[in-house]
Amino acid sequence: MSISPFLNLVKQAHDPAVPAAQRKGLASVCSARPLVLEAALQRAARTGRPVLIEATCNQVNQEGGYTGMTPEDFRDLVLGIAAKVGCPAHLVLLGGDHLGPNPWKSLPPQEAMEKALTMIEAFAKAGFVKLHLDASMGCAGEPVALSDETVAERACALAQRAESAAPGQAVYIIGTEVPVPGGAAEALDHLEPTSPDAATATLQIHETLFRRVLGDDVWDRVIGLVVQPGVEFGVEDVVVYDRPRAQSLSATLNRMPGQIFEAHSTDYQPLSALRALVEDGFLLLKVGPGLTFALREALYGLDSIRSVLLPQQESLREVMERIMTQQPAQWRGHYEGTDSKLATLRHYAYSDRIRYYWPQPDAEAAVEMLLRQLEETGLPDPLLSQFLPVQYEKIRNGLLPRHPRALILSAIDTVLGLYDQACGAEVT
């Protein structure tokens with residue numbers, strides 16, 4: 001794993017010989033689901049282009065996170081899948097997202113930061129090469145929003161610990177205007193892009209402190225600033241990138257040598273909007289729930305085929321509904337409405353809270369049964385055309401094997417293909 005792909009992004013972003021229309025970006029795959037990782041790594045193996053895969057502080061940390069994985073475990077999972085699908089290890093770029101005290105913000109600041117420092121050290125030692133320093137949240141006894149100075153001091157401390165663990169091995173992302181992980185729960189009609197003044201102030205405060213404490217070499221590897229370009233998704237709505245509204249923010253990048261912008265929550269943006277983001281300097285595009293949404297769509301498409309072929313079989317949707325209603329912690333508080341509305345949102349919302357339930361033993365067993373039964377029944381053309389039309393056309397054109405697992409990977413790959421196009425790559 002190398003930091004060169006990130007440094008190259010920065011170089012071309014500020015190269016006057018590279019017009020905006022020719023800018024290239026990099027998608028960040030933010031998921032721990034093995035099928036999503038497999039699809040992303042298969043694409044990298046096929047294209048020979050680097051793939052950036054990120055874990056958040058809540059998913060993966062020294063205490064296991066909600067996946068039960070440490071940074072070492074996550075690295076081994078990704079590299080194990082890469083080896084299985086023939087993706088060279090040097091194409092795999094690992095990143096850590098929201099690395100800071102967020103998982104422990106209910107604790108006093110000093111205690112929460114000690115845990116955050118231990119966490120980023122574990123990410124650095126495990127070979128993660130892109131580290132997002134996010135110390136923007138208040139801990140116990142602190143205001144929700146901290147001053148830029150406090151945030152910068154804590155970010156600097158995090159970078160210092162990472163450097164002590166793996167000197168010179170990582171690039172850093174800073175910035176405090178981070179959309180809610182996993183999508184917004186509230187109305188999206190007041191979403192505003194980051195102001196140029198706020199972006200400039202954040203950068204200047206961090207630069208002054210980093211250069212003084214850590215030196216120029218470390219600051220030269222602080223390559224990106226997280227800003228809000230005016231994109232977000234909620235339960236049923238998507239705010240699509242509005243280029244004119246972000247024009248002044250985009251122009252700010254011209255006054256930020258050595259920097260690019262990172263855009264979170266780009267899930268469900270149309271291709272034209274994703275491409276416009278890259279052309280405007282948002283060269284790192286984060287996507288997560290949009291990929292597991294595609295996974296769920298494919299599984300439910302296959303489930304619908306089975307419901308025709310084996311009408312007496314309990315559906316996958318029924319199994320997932322039972323699991324989610326028995327264990328509501330991951331969706332309750334995120335969805336609102338009548339019982340009927342909640343039943344719809346549990347399965348089909350853009351925020352895709354169902355993704356937290358796929359690792360449940362009952363869910364995994366139900367998925368395996370679905371795939372096994374469809375291997376036995378086969379996948380008739382008329383039913384594929386009805387329930388999975390995109391994959392049906394690929395099968396007809398000899399581009400996809402008639403196998404249920406291959407159809408799921410193809411559905412995820414379709415989304416990844418949009419990001420490749422947006423990032424300036426030739427799609428294969």
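User: In this predicted model, is Arg-243 buried, partly exposed or exposed?
Analyst: Arg-243 has a relative accessible area of 36%. Buried means under 20%, and exposed means over 50%. The value for Arg-243 falls in between, so the residue is partly exposed.

User: With which residue does Arg-243 form a salt bridge?
Analyst: The closest N and O atoms of the pair are 3.0 Å apart. A salt bridge needs such atoms within 4 Å. The partner of Arg-243 is Asp-280.

User: How many residues apart in sequence are the parts that Asp-280 and Arg-243 tie together?
Analyst: Asp-280 sits in the loop between H9 and E10. Arg-243 sits in the loop between strand E8 (238–239) and helix H8 (247–252). The pair therefore ties together parts whose separation in sequence is 37 residues.

User: Why does Asp-280 count as buried?
Analyst: The cut-off for buried is under 20% relative accessible area. Asp-280 counts as buried because its relative accessible area is 10%.

User: Which residue meets Glu-38 in a salt bridge?
Analyst: The bridge runs between side chains, at 2.8 Å from N to O. Glu-38 lies in helix H2 (residues 34–47) and its partner in helix H16 (residues 404–422), so parts 367 residues apart in sequence are tied together. Glu-38 counts as buried at 5% relative accessibility. The partner counts as partly exposed at 30%, and its name is Arg-405.

User: What is the relative accessible area of Lys-286, the salt-bridge partner of Asp-97?
Analyst: The closest N and O atoms of Asp-97 and Lys-286 are 3.3 Å apart. Asp-97 is in strand E3 (residues 92–99) and Lys-286 in strand E10 (residues 282–287), 189 residues apart. Asp-97 is buried, with a relative accessible area of 3%. Lys-286 is buried too, and its value is 3%.

User: Where does Ser-265 lie?
Analyst: Ser-265 has a phi near 55°, a positive value in a residue other than glycine. At 8% relative accessibility, Ser-265 counts as buried. Its place is the loop between strand E9 (260–263) and helix H9 (271–279).

User: What is the phi of Tyr-268, roughly?
Analyst: Tyr-268 is in the loop between E9 and H9. At 21% relative accessibility, Tyr-268 counts as partly exposed. Its phi is positive although the residue is not a glycine. The value is about 75°.

User: Which residues does Gln-391 touch, not counting residues up to four places away in sequence?
Analyst: Gln-391 is found in helix H15 (residues 389–396). Gln-391 is buried, with a relative accessible area of 5%. With those sequence neighbours left out, the contacts are Leu-400, Leu-407, Ser-410, Ala-411 and Thr-414.

User: Which helix holds Glu-368?
Analyst: Glu-368 is partly exposed, at 49%. The helix spans residues 361–377 and is H13.

How values were computed:
Residues numbered from 1 in each chain as written. Predicted model: local features only at pLDDT ≥ 70, side-chain atom pairs only at ≥ 80, totals over all residues. Heavy atoms only, no water. Helix = DSSP H or I, 4+ residues; strand = E, 2+ residues; numbered from the N terminus. Buried < 20%, exposed > 50% of the residue type's maximum accessible area, 1.4 Å probe, protein only. Contact = heavy atoms within 4.5 Å.
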